[in-house]
Each structure stands twice: as structure tokens, then as C-alpha cells.
Amino acid sequence: NTATASGTPPPTPGNPNPPPVNSPPDDEEVPVQSPGLTIAKTVSVPGPYAVGDTITYNILVTNTGNVALSNVAVTDPLPGLSAVNCPGTTLAVGANMTCTATYVVTPADVDNGSVQNTATASGTPPPTPGNPNPPPVNSPPDDEDVEIQNPGLTIVKSVTSDGPYTEGDTIAYQFVVTNTGSVDLTDVAVNDPLPGLSAIDCPGTTLAAGASMTCTATYVVTPADVGNGSVHNSATAEGTPPGTPGDPNPPPVLTPPSVVDTPIAPAELGIVKTGPAMAEMGAQIVFTVVVTNIGTVPAHDVLVTDPTPTGLDFVSNAGDCVTAFPCDLGTMLPGESRTIDVTLFVPADYTGPVTILNIATVSSSSTDEEASDSASAVVRNPALLQSIPVDSPWALLLLGMGMLLLGGGAVRRRLG
């Protein structure tokens with residue numbers, strides 16, 4: 001503030017009423033204290049941190065007021081925090097100091113995803129004539145949220161192609177890999193030990209937190225799969241989280257396995273063999289074999305065998321097989337049939353069984369079962385028949401056997 005003084009001098013003969021005389025103004029500034037304090041809390045090394053890592057906090061305390069402060073201290077209520085270490089307890093006007101403290105990350109912090117806490121600073125201003133014991137001045141609080149990494153990864157394997165499947169068919173797989181953790185992952189890869197699986201194609205090797213990617217692969221069904229009735233396999237994924245101050249080279253995080261069982265349908269083949277009821281010695285006889293795919297999936301490597309009965313001679317095959325047995329019919333689609341005409345020769349001196357039993361069998365790599373059917377014929381020996389009287393019991397017996405065989409039906413069985 002500013003003050004002036006004035007006074008009136010005595011009158012004189014020439015100035016009986018002299019004006020007052022004024023002093024020059026005089027200023028006086030009395031300081032008024034305005035204490036202030038701030039705090040800034042940081043970590044010495046950026047995260048993320050993992051369980052067991054030590055976080056070092058740096059706490060910067062600054063005197064922003066116009067008076068010196070004493071009894072300066074930092075308060076941080078974080079459970080588990082070490083004692084706060086400050087280089088002193090007084091701060092001149094405009095001065096600052098850095099205090100430190102440490103904290104070890106716990107499993108609960110991992111579950112929470114971060115370590116969050118608040119610190120404040122306090123200091124006592126000097127006394128005044130009107131306030132010899134002033135209260136401490138407190139800084140505004142400062143928050144520090146430290147990320148705690150909690151890596152996680154899942155995989156879901158599924159079949160994207162349409163069945164049913166059998167030998168030679170291609171199964172298309174997809175693998176959906178999702179980062180379920182709180183940190184980015186690198187070196188992300190899918191592992192699937194199924195022998196014969198193609199290379200797994202993924203669009204990348206990194207996954208941000210919460211992101212997903214879809215990988216693909218294919219597999220061709222084998223005869224062994226047909227025998228097993230399914231293709232069983234499981235896949236896992238892995239990814240590497242970022243390093244932390246306590247673990248600069250963390251191990252990869254692994255997913256639980258995702259299991260897929262793909263049913264494999266066996267082929268179903270039927271076979272029917274027919275032929276004449278009688279065969280003449282010294283003449284040819286023709287049997288017919290019909291193979292049909294009666295199932296819902298293709299049959300691969302279809303093979304027909306038909307051993308020549310003892311005492312007969314193989315002549316030829318015709319129709320869908322023109323070579324000697326075994327006959328390779330290749331692949332047969334559902335509903336498709338193949339016919340083979342088998343010509344045999346009965347020698348004139350044939351001495352085998354009176355009844356020729358001829359059995360044909362079909363198999364396929366698309367199933368582990370076989371199907372067979374048979375046809376039979378009675379060999380007629382004209383010389384023998386001429387030497388037996390028509391009314392003899394032997395003639396009647398041969399006649400009865402012939403009628404029995406003529407009336408008998410071929411047995412058919414199905415493969416499946």
C-alpha cells in the first residue's frame with residue numbers, strides 16, 4: 001500500500017492562508033504467503049508387467065507456492081508398496097525432489113489387469129503472526145495405472161466342407177484363433193499333428209488383444225480312416241506375449257486343444273452271381289457277375305475275385321472286365337453297377353464234383369469288409385446217363401438232384 005503526509009505552514013503577511021504541504025508518497029509491500037504443492041507419479045520402466053515383476057515408482061514433488069515448506073512427505077495407500085524414500089523433508093520456493101517406492105505384482109493384479117493407485121504430497125508452510133501453527137498444504141492426488149499383462153489364446157477347429165466322406169475325399173478344416181488376453185501376441189501359429197494334413201495357412205503371425213484370425217488346411221481321407229470309421233485329430237495354437245522388466249523373454253502361451261472327429265462312411269457293395277443250372281462235359285459254361293455300389297459314397301479300388309472251380313478251365317471274361325481275375329473295377333459311384341461275363345470250360349474227361357460251385361467276391365479299399373455270392377451247376381455226363389436205365393433208382397436220384405438244383409436260388413450278400 002501507499003501513504004502520504006500533509007501539513008499547513010503558518011500564515012505570512014502576503015499569504016494569511018497558505019495551502020497545506022504534502023509529502024511524497026511512500027509504498028510498503030507486506031508479503032502474504034500462498035503455499036502450494038504438486039505431485040507427479042510415474043514408473044521407471046513402461047509396462048506391461050507380469051506377476052512377480054517389481055514396479056519402481058518415481059514421485060516428483062514440487063513446491064509451487066511462495067513460501068518454503070517443511071515436513072514434506074508423500075502418502076501412497078497402495079497395499080504392498082514399499083516405504084516411500086524421499087531425499088529430504090523441506091522444499092524451498094520453486095524447488096522439487098523425487099521420491100521412490102517399489103511394488104511387486106501379485107496374481108490378483110493379473111486378474112485385475114492393472115495396478116492402480118493414487119499418491120498425494122503434503123508440506124507445512126511457515127507460521128504467521130495470525131497463525132503460528134498453520135495446517136499442512138496438500139497436493140492434488142495423482143493417479144498411476146500400470147498395465148499388468150494377462151495373455152490368453154483360444155482355438156476352435158471345425159470342418160467347412162460337406163460330407164459324407166470316404167477314401168479319397170478332401171476334408172477342409174478351419175482354425176479360428178482368438179487373442180483373449182490383455183496384450184498383443186507375436187509368433188502366433190497353429191499346430192496340428194494329423195499325418196497327411198496340408199500346410200496350415202494363416203493370414204498373419206501377430207494378434208492384437210481381442211483380435212481373431214482364421215487359418216485353413218485340408219486332408220485327404222485314407223483307407224486307414226475308412227477302417228477306423230472317422231478322422232480324429234486335435235489342434236492347438238500358441239503365441240508369445242511381450243517381454244516384461246522381470247521376464248524379457250517370456251515363454252509362449254498355449255491354447256487348450258480343439259478336437260474334431262469327422263465320420264468316414266464306408267462304401268457298400270453288393271454282388272450277384274448267376275449261371276445255368278446244368279453244364280455239359282466237353283462244353284463251355286458262362287456265369288454272370290454283377291457288382292453294384294448300393295451305398296451313399298463312392299467305392300474306390302473295387303476288386304472282384306472269382307477262382308476257377310477245380311477241374312474246370314478259365315476261358316475268358318467279357319463286359320466290364322476282359323482280363324483274368326482278379327478284376328480291378330476302379331472307382332464306382334453310388335448306384336453304379338458293373339457286369340462281368342465269366343466263360344469256363346468243362347473238360348470232356350471232367351472228374352470233379354457233380355455240382356460245380358462257383359463263388360465270386362468283391363472288395364474295396366473304401367471298406368474293410370467283403371461281399372460274395374455263388375452260383376452252381378450240375379455237370380451232366382451223357383455217357384453216364386446212357387448207361388443207367390431210365391427206370392433205375394440211380395436215374396431217379398440224378399433227376400431229383402437236378403430238379404433240386406434247378407429249384408434252388410443263389411444266395412446274395414451285401415458288403416457294407
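The model is predicted.

**Salt bridges**

The count comes to 5 salt bridges.

| Basic residue | Acidic residue | N to O distance |
| Lysine 41 | Aspartate 76 | 2.2 Å |
| Lysine 157 | Aspartate 192 | 2.4 Å |
| Arginine 380 | Glutamate 280 | 1.8 Å |

Take the salt bridge between lysine 41 and aspartate 76. Lysine 41 sits in strand S5, residues 37-43, and aspartate 76 in the loop between strand S7 (70-75) and strand S8 (96-104), so the pair ties together parts that are 35 residues apart in sequence. Lysine 41 has a relative accessible area of 3% and is buried. Aspartate 76, at 13% relative accessibility, also counts as buried, because the cut-off is under 20%.

Lysine 157 and aspartate 192 meet through their side chains in a salt bridge. This pair links distant parts of the chain, 35 residues apart. Lysine 157 belongs to strand S12, while aspartate 192 lies in the loop between S14 and strand S15 (212-220). Both residues, lysine 157 and aspartate 192, are buried.

Glutamate 280 and arginine 380 form a salt bridge, with the closest N and O atoms 1.8 Å apart. The two residues are 100 residues apart and link distant parts of the chain. Glutamate 280 is in strand S20 (residues 278-280), and arginine 380 is in strand S27 (residues 371-380). Glutamate 280 is partly exposed at 27% relative accessible area. Arginine 380 is partly exposed too, at 36%.

**Strand pairing**

Strand S21 (residues 283-293) pairs with strand S19 (residues 269-274) in the antiparallel sense, over 6 bridges. In this pairing, valine 272 stands opposite valine 290 in S21. S21 also pairs with strand S25 (residues 337-346), again antiparallel, over 10 bridges. There, threonine 292 stands opposite serine 337 in S25.

**Backbone geometry**

Most residues other than glycine have a negative phi, and most peptide bonds are trans. Which peptide bonds are cis, with proline as the second residue? One runs from glycine 163 to proline 164, with omega near 0°. Proline 164 is found in the loop between strand S12 (153-159) and strand S13 (170-179). Another joins phenylalanine 325 and proline 326, with omega about 5°. Proline 326 lies in the loop between strand S23 (313-319) and strand S24 (327-332).

Two aspartates have a positive phi. Aspartate 187 has a phi near 55°. Its place is strand S14, residues 186-191. With a relative accessible area of 52%, aspartate 187 is exposed, because the cut-off is over 50%. Aspartate 301 has a positive phi of about 55° although it is not a glycine. Aspartate 301 is in strand S22, residues 299-305. It counts as partly exposed, at 44% relative accessibility.

**Charged surface patch**

Which residues form the negative surface patch? Asp143, Asp145, Glu147 and Asp184 do. Aspartate 145 is placed in strand S11, residues 142-147. It is partly exposed, with a relative accessible area of 47%.

Terms used
Residues are numbered from 1 along each chain as its sequence is written. This is a predicted model: local features need pLDDT of at least 70, side-chain atom pairs count only at pLDDT 80 or more; totals for chains, interfaces and linings use all residues. Side-chain values use heavy atoms; hydrogens and water are left out. Patches are made of residues with over 30% relative accessible area and no salt bridge: like charges are joined within 9 Å, nonpolar side chains (Val, Leu, Ile, Met, Phe, Trp, Tyr) within 5 Å. Accessible areas come from the Shrake-Rupley method with a 1.4 Å probe; for residues, only the protein chains shown count as cover. A salt bridge is a side-chain nitrogen of Lys or Arg within 4 Å of a carboxyl oxygen of Asp or Glu. Lys and Arg count as positive and Asp and Glu as negative; His and the chain ends are not counted. The place of a charge is taken as NZ of Lys, CZ of Arg, CG of Asp or CD of Glu. Helices (H or I, at least four residues) and strands (E, at least two) are DSSP runs, numbered from the N terminus. Buried means under 20% relative accessible area, exposed over 50%, partly exposed in between (1.4 Å probe, protein chains only). Two strands pair if DSSP finds at least two bridges between them.
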